[in-house]
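Hello,

Here is the structure for you to take over.

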Amino acid sequence: MTSKKFMALFLTLAMILTTTGGAFAALSPIALSQSNPIVPIVKNASIAVVNIDVEKTATRSFSPFPFDDDPIFKRFFGDTFKEFTRSVPMKGRGSGFIVSKEGLILTNNHVVDGVDKITVSVLLKDGDKKTYPATIKGNDPAYDLAVIKIEPDEDLPVLELGDSDALEVGEFVVAIGNPYGFEHSVTAGVISAKNRSIHAQDVNFDDFLQTDAAINPGNSGGPLLNMEGKVVGINTAIVPYAQGLGFAIPVNKAKEIMGDLVSYGRVKRGWLGVSIRDIDPKIAKAYKVDGTQGAMIADVFKGDPADKAGLKRADIVVEINGEKIKDANAFVQKIRTLAPGSVAKLVVIRRGKKMNFEVKLAERANSADGRPETSSTSSGEKAESDGSDVLKEFGISKVEKINDTLRRKYRLASDAEGLVVTELDRNSKAVFDGEVNEGDIILDVNGQEVSSTEDIKKAMGDEDSILLFLERDGSPFLISITKEEKK
């Protein structure tokens, strides 16, 4: 090809691309920004995302002398100078987002819990910032949520709350927050899982959204947004030794409790008065239920609503207010949504028989578990022994009828009744695998209540393994143990 022909071909291609808006036009920055859905989301949402700075005064001990550990110094002055203390300001950062034009802001409880001073920085439309002092309107440690309030000079922009239940795994999301003090940082990713459980130190939650959108310290309390720009989660936790593992509280949880936080400063939750556990195949077989759906009542607290309604230990709840119960977590979440004074209609399986109960819920107590104090009155019963080796084949050498002597020996409640383990084969599976202890009360064997050794014999049958419902230190639990091999 001659140089003239090459030049003519080049000019022709250039004209085509220029007149048709071809590849060069498609790569322009304007076109790229218009095709990226995250850009308008960030522009619209950022002005409703706030930075939260907190301060707390901590008391620290110190010594004014560098040699106070020297033995000669101690000989003359002792530990007197170790008693000096001083107040040290501690600072922290977090994020939040505006949920009302009047200045209500949603954030994490752990961002503002126990602090002395809260300062909120709001991003203005012109790019400037304005700071406001804030107060706590209400907080809920159970869900790690808090509502704080500022007094703005004008109406504020508000983020719209979406529907976290409608989220799908794989859906794109955007996080905005204040990580390490880098204000209004934006990260993007997907919902990588739902219904994640985290139980560590002060975090105890069973319904987290999991995302690979980068979340770092300081992101706590900031919004997780869907592609419509609506809040679907509140960024809360990370796994510090991993990458791409961030967790957010579903926004539907916040919707459930925000009204109570603003009105009462706390959440008014219904209280049933039971402890529960999941159902495994062994429990399902012993208690005659189909499958492992539902939640087993491990204990019923005396005098509380469940006790008054007639619910019993080992009842299996399969339905609440017409809604099927998948597991213990679903049971807890459902009860949490019910208000004190409301009626919970329960469908229960008791020893293979389906039963219906209506329970009027009380308000959840402020104590850790809501249990009443144990009575200290004496039962006055006559001491008697009903020692038996009925469970010897399973490594439990002796069980006895509970009496005053055994109550004192094993520090049992004054109203404790039934049978107690008093001797064990220390080399048995009951000790090593089943974790049976002396002083454990036997409540139930293979799904049948027992109060005598004859009851145990009937419940055992010819099974090579049995399911025991025991109580230790007031807490019931289930174990499965097998017969010892004959030597």
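Isoleucine 279 sits in the loop that links strand S15 (274–277) to helix H8 (281–286). Helices (H or I, at least four residues) and strands (E, at least two) are DSSP runs, numbered from the N terminus. Isoleucine 279 is buried, at a relative accessible area of 8%. Here buried means under 20% relative accessible area, exposed means over 50%, and partly exposed is in between (1.4 Å probe, protein chains only).

Before going on, two notes on the source. This is a predicted model, in which local features need pLDDT of at least 70 and side-chain atom pairs count only at pLDDT 80 or more, while totals for chains, interfaces and linings use all residues. Residues are numbered from 1 along each chain as its sequence is written, and side-chain values use heavy atoms, with hydrogens and water left out.

What does isoleucine 279 touch, leaving aside its neighbours within four places in sequence? Its contacts (heavy atoms within 4.5 Å) are Ala284, Gly291, Thr292, Gln293, Gly294, Ala295, Met296 and Ile316. Glycine 291 is 12 residues from isoleucine 279 in sequence, and their C-alpha atoms are 8.5 Å apart.

In strand S17 (residues 316–320), five of five residues are buried. Two strands pair if DSSP finds at least two bridges between them. The partners of S17 include these:

- Strand S16 (residues 295–300) runs antiparallel to S17, with two bridges. Alanine 295 has valine 317 in S17 as its bridge partner.
- Strand S19 (residues 343–350) pairs with S17 in the antiparallel sense over four bridges. Isoleucine 316 is opposite isoleucine 349 in S19.
- Strand S18 (residues 323–324) is antiparallel to S17 and joined to it by two bridges. Glutamate 319 faces lysine 324 in S18.

S17 and S18 make a hairpin with two residues between them. Asparagine 321, in the turn, has a positive phi of about 50°.

**Strand S3**

Strand S3 (residues 104–107) is covered on both faces. Leu104 and Leu106 are buried on one side, Ile105 and Thr107 on the other. S3 pairs with strand S7 (residues 145–149), antiparallel, over four bridges. Leucine 106 is opposite valine 147 in S7.

**Two asparagines in loops**

Asparagine 178 is in the loop between strand S8 (172–177) and strand S9 (185–200). Is asparagine 178 buried or exposed? Asparagine 178 is buried, with a relative accessible area of 2%. Beyond its neighbours within four places in sequence, its contacts include Asn51, Arg93, Glu183 and Asn219.

Asparagine 446 is in the loop between strand S24 (441–445) and strand S25 (448–449). Asparagine 446 is buried too, with a relative accessible area of 15%. A polar atom of its side chain lies 3.1 Å from the backbone oxygen of alanine 459. Leaving aside neighbours within four places in sequence, asparagine 446 also contacts residues including Ala286, Met460 and Leu467.

**The whole chain**

The protein chain has 13 helices and 27 strands. Of its 487 residues, 42% are buried. Among contacts between residues at least 6 apart in sequence, 60% join residues at least 24 apart. The chain exposes about 27,000 Å², and carbon and sulfur atoms supply 51% of that. Accessible areas come from the Shrake-Rupley method with a 1.4 Å probe; for residues, only the protein chains shown count as cover.

Best wishes

How values were computed: A polar contact is a pair of N or O atoms within 3.5 Å; within protein, one must be able to donate a hydrogen and the other to accept it, and residues adjacent in sequence count only if both atoms are side-chain atoms.
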